[in-house]
Amino acid sequence: MSDQKRLFLVDAYALIFRGYYAFIKNPRINSKGLDTSAIMGFMNSLLDVIKRERPDHLAVCFDKGGSESRNEMYAEYKANRDATPEAISLAIPYICKILEAMHVPIMVKEGFEADDVIGTLAKKAEKQGYKTYMVTPDKDFAQLVSENIFMYRPVFGGGYETWGIPEVKAKFEVDDPKQVIDFLGMMGDSSDNIPGLPGVGEKTAKKFIAAYGSMEGLLANTHELKGKMKEKVEAAKELGLLSKELARIMLDVPVEFHEEDFEMSEPDIAGVTEIFEDLEFRRLKDNFLKTFTAEGMASNGTSHGDKPKAEDTASNSKSSVSVSSSANEGKQAGSGQFTLFGGDGEASETAKSFSSRNTINETEHFYQTVQPGMGTKLFLQNLMKQKSVCFDTETTGLNPITAELVGIAFSWEATKGFYVPFPENREEAQSLIETLRPFFEDENIEKIGQNLKYDIKVLAKYNVTVKGKLFDTMLAHYLINPDMRHNMDVLSETYLNYTPVSITELIGKKGKNQKSMREVPIEQQTEYAVEDADITLQLKEHFQNELGEANTQTLFDDIEIPLLRVLADMELEGINLDEDFLRKLSSELENDIKKLETAIYESAGEEFNIASPKQLGDILFDKMKLVDKPKKTKTGQYSTAEDVLSYLAKDHSIIRDVLEYRGLTKLKSTYVDALPTQVEPSTNRVHTDYMQTVAATGRLSSNNPNLQNIPIRTERGREVRKAFIPRDKDHVLLAADYSQIELRIIAALSEEETMIDAFKNGEDIHASTAAKVFGIPISEVTREQRGNAKTVNFGIIYGVSAFGLSNQTDLSRSEAKDLIDTYYETYPKLRKYMSRQVDFARDHGYVQTVLGRRRYLKDINSRNGVVRGAAERNAVNAPIQGSAADIIKIAMINIHKRLSEENFKSKMLLQVHDELVFDAYKPELDKLRPLIKTEMENAYKLAVPLDVEIGEGENWLEAH
DNA sequence: GCGACCTCTTA
DNA sequence: GTAAGAGGTCGCC
């Protein structure tokens with residue numbers, strides 16, 4: 001062990017960005033609406049470094065004002081960086097406050113980048129006999145690595161790696177870390193906007209370094225290069241030298257290294273705690289306290305070695321086989337390393353974790369594999385005594401219709417649980433499930449699970465009905481926090497600070513070599529499956545109380561949970577598809593597409609990929625120059641979007657052909673050819689999967705395949721609907737649509753009598769609107785007037801702007817504005833309602849539907865007008881769209897109940913937001929029609945009557 | 001092979 | 001202007 005002094009220099013912005021983007025899909029928003037992702041990400045990293053390394057000298061380095069010298073060299077330097085996200089700029093003051101309270105030295109030098117400050121300090125410290133660790137993910141720092149200067153680099157997925165000279169040599173294929181400057185200069189860096197040599201990427205740069213050693217070496221020998229590369233490099237010599245200088249980290253920043261300035265001292269525990277509490281960082285606060293408690297500090301005795309630990313991997317589970325899979329009491333991280341936490345025995349740091357979460361390896365647990373025969377009988381006796389049990393099925397795949405049971409995990413007490421493995425033989429499996437049937441069909445035992453719809457469908461295929469009260473943690477969380485994601489891993493990490501065993505550890509990444517759960521050893525199945533059931537059980541405890549707080553208990557009990565069973569039935573039912581019809585349609589489309597292709601190539605004078613917006617844009621606007629100033633997308637390509645092209649269609653036949661080509665290829669690939677591949681062979685039907693927890697407003701979504709976006713608007717697209725047909729000749733397809741449900745809702749909620757009366761009188765609402773807005777009798781309303789009124793009516797629901805309206809109609813911007821103004825004068829209460837929603841959102845941070853389903857709008861008070869505007873439109877739209885979703889959900893539950901209780905043969909098949917589709921048994925039609933109409937129209941009582949239109953036919957198109 | 005981007009389909 | 005899912009291309013690993 002060496003006594004050499006160690007200095008850690010932290011690259012603040014790089015870690016802040018990294019932390020922010022780590023949470024980008026699931027940003028941390030606290031109750032005040034502050035996005036704390038960047039703060040949390042950075043603090044996690046910093047605490048992690050402190051805990052791992054216990055540095056005695058440390059500083060956090062920030063940029064200020066950018067690099068004056070680099071900007072002088074190259075005006076474009078870092079020019080194409082996106083503006084710093086608001087969450088990051090807001091985070092900086094908090095981070096500085098925390099660092100001050102922690103008594104962590106902060107280094108800033110106006111006019112210099114953190115890179116240069118770190119580089120200069122590292123070199124100066126080296127002279128004073130320090131080993132320096134540059135804490136940063138940024139590979140540019142590799143150029144500074146020496147015998148005493150290292151990179152300490154966080155790796156994705158957790159842990160750190162240390163780059164010394166050998167690592168840098170290997171990574172960059174250089175002889176000396178200094179050559180990294182040449183390497184970066186050659187290949188360039190788009191995020192720093194270092195141009196680099198044209199046409200030179202990583203591969204070529206490595207080749208050049210190997211051959212010439214440096215940028216100068218290369219430029220002096222360009223005569224040895226060949227072809228295009230020679231031309232390009234020779235033409236860019238100056239750019240090359242400039243790029244190299246831009247890539248070079250400066251070592252002459254006017255800063256001094258006085259070691260006493262960098263000493264770690266005792267943090268102001270109370271001060272830091274207060275800030276963390278203010279930010280609502282409960283776990284981070286605990287983590288911080290544990291890191292700086294006397295025990296934590298005292299037990300730090302090691303690791304002043306040459307190199308910090310890097311890439312520690314937690315040892316694999318080593319559970320004992322047979323009955324008891326494991327009671328794993330060892331605290332892996334402590335053994336042989338330094339112990340970080342006090343001896344309370346609860347949490348101990350896992351060496352693998354980047355964010356200090358617990359895993360199965362250091363958590364005491366009792367997961368048992370249930371043995372066949374007697375073991376199962378004893379287990380069942382125990383099981384039947386419980387009031388509430390969490391279960392989780394393990395299967396051979398994700399499709400519940402074809403999936404076979406591999407095992408079922410059960411848990412009714414935290415950290416404990418059982419796993420019943422299933423035999424591969426179907427008959428034996430069926431006989432085992434018969435043994436368990438009394439449990440699943442017991443009305444008095446509550447069943448808990450994560451995404452129970454899946455388990456219910458799997459068991460249904462074994463002819464087992466899951467009865468009794470249900471608690472689905474995924475649905476619970478959807479109501480509690482609709483904007484987050486709801487998969488179990490996320491929930492576990494967020495609420496239990498626990499990272500579950502990843503399924504890919506067991507069966508591999510999806511694709512080529514993915515195994516089936518069946519091939520995983522039983523001991524591992526047990527650990528994985530029971531852990532899931534255990535976690536789900538613990539999550540339930542957590543969410544149970546929160547449901548009450550959010551006033552969403554009723555939505556949960558009366559809507560989402562009952563709906564889960566309805567959806568399971570609809571999905572299992574599937575819908576019949578006329579594959580022959582689609583095959584014919586496909587070949588017709590194929591012919592027409594070929595013809596258009598030929599015509600387009602002819603007009604363009606060359607063949608190209610019409611489906612590539614990039615190629616198409618170049619042909620239309622660069623080659624053919626159809627427009628003087630083509631519109632561009634945000635990535636700088638020419639936009640070839642529909643609205644842009646249709647504007648040009650009247651003047652150019654090629655545009656008309658392209659638009660038609662697009663329409664037809666889309667139709668063919670997305671629907672006509674794709675749908676037949678989604679027919680399930682075992683049922684000969686198409687089974688969509690409804691997602692109950694993805695839409696922020698409370699709507700369902702549909703996928704694999706998506707049956708909620710089957711074409712209807714265009715004549716050719718509509719044909720696809722003819723492929724959806726009844727079960728057999730004794731059935732017809734029946735479609736029931738809510739008419740104008742969203743407009744009725746806004747009329748009712750705003751109490752706008754004029755509009756309410758129009759609905760009550762059964763008027764054509766768009767014509768009625770036109771009559772009132774234009775001040776004419778309803779009989780004199782023209783098609784165009786009605787069309788414009790219709791557009792405004794819809795626009796209101798989405799939060800209109802004059803700009804949007806004029807884009808959608810033939811109206812100019814000012815005409816559109818006039819129309820909107822008159823509209824609001826006609827319906828004054830509508831406008832009041834809208835501002836009431838926005839005000840409510842500002843005060844409460846959320847809006848809600850008629851049933852109290854909330855949507856949180858964190859940007860409603862943003863200082864950024866664009867962002868705030870979007871939140872305001874959400875505030876208006878979410879209650880309307882969401883209330884419509886609530887209402888049809890009620891109707892679905894009630895219809896499903898009656899169909900089953902009254903023994904109908906007819907089945908509900910699909911939901912398309914305001915429409916339900918049924919396989920209607922012909923002899924039942926006379927009873928079915930009024931049943932559906934009544935249940936839908938009376939699902940929820942509004943001040944406006946709901947109206948449902950019903951149609952029937954030999955296919956989905958005819959049913960409309 | 002994966003993800004970002006663009007385009008297009010629905011309510 | 002709201003809410004979704006999906007397919008193709010293209011660049012990146």
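These legends go with several close-up views of the structure above.

Everything here comes from a predicted model, in which local features need pLDDT of at least 70, side-chain atom pairs count only at pLDDT 80 or more, and totals for chains, interfaces and linings use all residues. Residues are numbered from 1 along each chain as its sequence is written, chains are lettered from A and ligands numbered from 1 in the order in which they are written, and side-chain values use heavy atoms, leaving out hydrogens and water.

**View 1. Chain A as a whole.**
Let's start with the big picture: chain A has 37 helices and 25 strands. Helices (H or I, at least four residues) and strands (E, at least two) are DSSP runs, numbered from the N terminus. Of its 960 residues, 53% count as buried, where buried means under 20% relative accessible area, exposed means over 50%, and partly exposed is in between (1.4 Å probe, protein chains only). Now take the contacts in chain A (heavy atoms within 4.5 Å) with a separation of 6 or more: 68% of them are between residues 24 or more positions apart.

**View 2. The protein around DNA strand C.**
Here 32 residues surround DNA strand C, and the closest are Ser-612, Ala-696, Ser-701, Asn-706 and Asn-874. A residue counts as near a molecule or strand if one of its heavy atoms lies within 4 Å of it. Which part of the DNA does the protein meet here? Sugar and phosphate make up 72% of the atoms of DNA strand C that come within 4 Å of the protein. By class, this surface has seven nonpolar, 20 polar and five charged residues. For the classes, Ala, Val, Leu, Ile, Met, Phe, Trp, Tyr, Cys and Pro count as nonpolar, Asp, Glu, Lys and Arg as charged, and the others, Gly among them, as polar. Helix H36 (865-901) is one of the elements that supply at least two residues, and H36 gives the largest share, four residues.

**View 3. Polar contacts to the phosphates of DNA strand C.**
Zoom in and look for polar contacts, meaning pairs of N or O atoms within 3.5 Å (within protein, one must be able to donate a hydrogen and the other to accept it, and residues adjacent in sequence count only if both atoms are side-chain atoms). Ser-612 has a polar side-chain atom 2.7 Å from a phosphate oxygen of DNA strand C. Asn-704 uses its backbone instead, with an N or O atom 2.9 Å from a phosphate oxygen.

**View 4. Reaching the bases of DNA strand B.**
DNA strand B has 20 residues around it, and Thr-635, Thr-640, Asn-709, Ile-712 and Arg-713 come nearest. Of the atoms of DNA strand B within 4 Å of the protein, 79% belong to sugar or phosphate and the rest to bases. Which side chains have polar atoms by a base oxygen? Lys-666 has a side-chain N or O atom 2.9 Å from one, and Asn-709 has a polar side-chain atom 2.8 Å from one. Arg-699 sits by a base nitrogen, at 3.1 Å from a polar atom of its side chain.

**View 5. An open sheet of four strands.**
Follow the order S23-S24-S20-S25, with antiparallel pairing. Strand S23 (907-911) and strand S25 (948-953) are at the edges, each with a single partner strand, so one side of each has no neighbour in the sheet. Two strands pair if DSSP finds at least two bridges between them. S20 (residues 731-738) and S24 (residues 915-921) pair over seven bridges, and Leu-733 stands opposite Asp-919 in S24.

**View 6. Strand S12, covered on both faces.**
In a regular strand the side chains alternate between the two faces of the sheet. In S12 (residues 446-449), Glu-446 and Ile-448 on one side and Lys-447 and Gly-449 on the other are all buried. S12 pairs in the parallel sense with strand S9 (residues 388-395) over three bridges, and with strand S13 (residues 470-472) over three bridges. Val-389 has Lys-447 as its bridge partner, while Ile-448 is partnered by Phe-471.

**View 7. Arg-6, a buried charged residue.**
Arg-6 belongs to strand S1 (residues 6-11). Is Arg-6 buried or exposed? At 1% relative accessibility, Arg-6 counts as buried. A polar atom of its side chain lies 2.6 Å from the backbone oxygen of Glu-53.
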